[in-house]
Amino acid sequence: MKLIHFSDTHLGFNDLDIINELGINQREADFYDAFTQVIEQIKAIKPDYIIHTGDLFHRPSPSNRAITFALEQFKIIEALNIPFIMIAGNHSTPRTNLSSPILKIFENFKNVYVSYNQEYKKIEFDDVIFHTLPHMHDESKALSQIELCEANIDTTKRNIMMLHCSVGAHYLMAEFGEWVYPHEKESLFSQMDYVALGHWHGFGKVGKHENVYYAGSTERTSLNDKRNSKGFLEVTLDEALHVNYHEIQIRPIKTYDINCEDFEHSVEALHVEGTKEAIVEVKLTNLTPLQSIDIQTRDIKNLFSEALHVSIKREFKQSSTEATLNDIEALSLEAYFLEHIKEESPPEEFERLKSKIQGLFSAYEEVSDDTL
């Protein structure tokens, strides 16, 4: 038996405010492209079953474009005549009963089986049972649903468990309402032929459990995820379990550190090859307040002129004369900043910068004055 396991496709995700030539947010288009790549490889592999472990969409109420794209792709999947089993994740589950679960739209597909009502659902075929546990807001209810799953194990068939949750604190995504699988019920995993997980965006086997895997997401929803490759799992259940990870091609994220203690040399040492259409993150370290004024954001971005987007983080140098928290609270932000500039620059330079800084703070105060 061969399965394709993928997850966390987050269709409809968008950020960066960059529009492509088709008038679509470029990052949103990247997520559609990643999904399409997986479907193309499914066509070639021809598995017995396809499983998706949650967060098909990025939001419980996705845009018309995201829904239209998904329906078009599911028509392609339907034509393959391969059963597709899918559960809801926390991003696709409404927080109240006032909204209808978005996965209901796939119930009219003959080969698509969905589980989304925050409860256990057994999806059974001649040779296998899929024990589906979608995202659940209520952890006390979740325990009873896990026990239902346990009661429905059939040792004469393959048993595959599908979950969208964190198995242990290591796999927390720091998101509102995420479900943490109870540790005392992890013994259930050993009774399954395979446990397919969604929610965590990195691929990997979970702890000591030889048959428990996160497929990871198919694209990156955060720069914090830059180290993880993206793809899907080809799972073969014969005499033993075999899990093969397939990487897909997504937009690269490149990171650079510029040490401002030796700014010019650090810039000269940069290797900017391979940044065309990439997302670039630049960290300016050991900055002084004076340098922060002189180093223009546009100059840094010009170093990566072919990149899709350049994000710049500034980390200020700590000094022995730095004010304590109590000192900072006693000063306005403007006065505190001016004190730093005064320490770092000659008197004539300080006078030049002082008026510039005061003008900037004055402009910010006008924008944030809620009496206007």
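Of the 20 residues of α1, 14 are buried, so this helix is largely enclosed by the rest of the structure; buried here means under 20% relative accessible area, exposed over 50%, and partly exposed in between, with a 1.4 Å probe and protein chains only. The structure is a predicted model, in which local features need pLDDT of at least 70 and side-chain atom pairs count only at pLDDT 80 or more, while totals for chains, interfaces and linings use all residues. Residues are numbered from 1 along each chain as its sequence is written, and side-chain values use heavy atoms, with hydrogens and water left out.

**Overall picture**

The secondary structure of the protein comes to 9 helices and 15 strands, where helices (H or I, at least four residues) and strands (E, at least two) are DSSP runs numbered from the N terminus. Along its principal axes the C-alpha trace spans about 85 × 45 × 45 Å, and buried residues make up 49% of the 372 residues in the protein. Among the contacts with a separation of 6 or more, 69% are accounted for by residues 24 or more positions apart, contact meaning heavy atoms within 4.5 Å.

**Helix α1 and its partner**

Helix α1 covers residues 26–45, and its 20 residues reach 29 Å from the first C-alpha to the last, close to the 28 Å expected at 1.5 Å a residue; the expected span is 1.5 Å times one less than the number of residues. Its N-terminal end is capped by Asn25, a side-chain oxygen of which lies 2.9 Å from the backbone nitrogen of Arg27. Just after α1, Lys46 takes a positive phi of about 55°.

Two packed helices are described by the angle between their axes and the distance between the axes. The axes of α1 and α2 come within 11 Å and cross at roughly 5°, which makes α1 roughly parallel to α2. For these values, axes are lines fitted to C-alpha atoms, for helices over the stretch in contact, with angles running from 0 to 180 degrees between N-to-C directions; angles under 35 degrees count as roughly parallel, over 145 as roughly antiparallel, 65 to 115 as roughly perpendicular and the rest as oblique. On the α1 side, Glu28, Tyr32, Phe35, Thr36, Ile39 and Lys43 meet Arg65, Ala66, Phe69, Gln73, Phe74, Ile76 and Ile77 of α2.

**Salt bridges**

A search of the whole structure finds 18 salt bridges, each defined as a side-chain nitrogen of Lys or Arg within 4 Å of a carboxyl oxygen of Asp or Glu. The table lists several of them.

| Lys157 | Glu124 | 2.7 Å |

Lys157 forms a salt bridge with Glu124. Because Lys157 lies in the loop between α3 (139–151) and β7 (158–164) and Glu124 in strand β5 (residues 121–124), the pair ties together parts that are 33 residues apart in sequence. Glu124 counts as partly exposed, at 40% relative accessibility. Lys230 and Asp225 present another setting, Lys230 being buried at 1% relative accessibility and Asp225 being buried with a relative accessible area of 9%.

**The network around Glu219**

Asp15, Arg27, Asp30, Glu219, Arg251 and Glu277 are linked in a network of salt bridges. Within this group, Glu219 is found in the loop between β10 (212–214) and β11 (231–237), and at 2% relative accessibility Glu219 counts as buried. The side chains of Glu219 and Arg27 are joined by a polar contact of 3.1 Å, a polar contact being a pair of N or O atoms within 3.5 Å; within protein, one must be able to donate a hydrogen and the other to accept it, and residues adjacent in sequence count only if both atoms are side-chain atoms. Not counting residues up to four places away in sequence, Glu219 touches Arg27, Asp30, Phe31, Ala34, Asp225, Lys230, Ile250 and Arg251.

**Positive phi values in loops**

Most residues other than glycine have a negative phi. Glu277, a member of the network, has a positive phi near 65°; Glu277 lies in the loop between α4 (263–268) and β14 (279–287) and counts as partly exposed at 41% relative accessibility. Asp55 likewise has a positive phi, near 60°, and is found in the loop between β2 (49–52) and α2 (64–79), but Asp55 counts as buried, at 1% relative accessibility.
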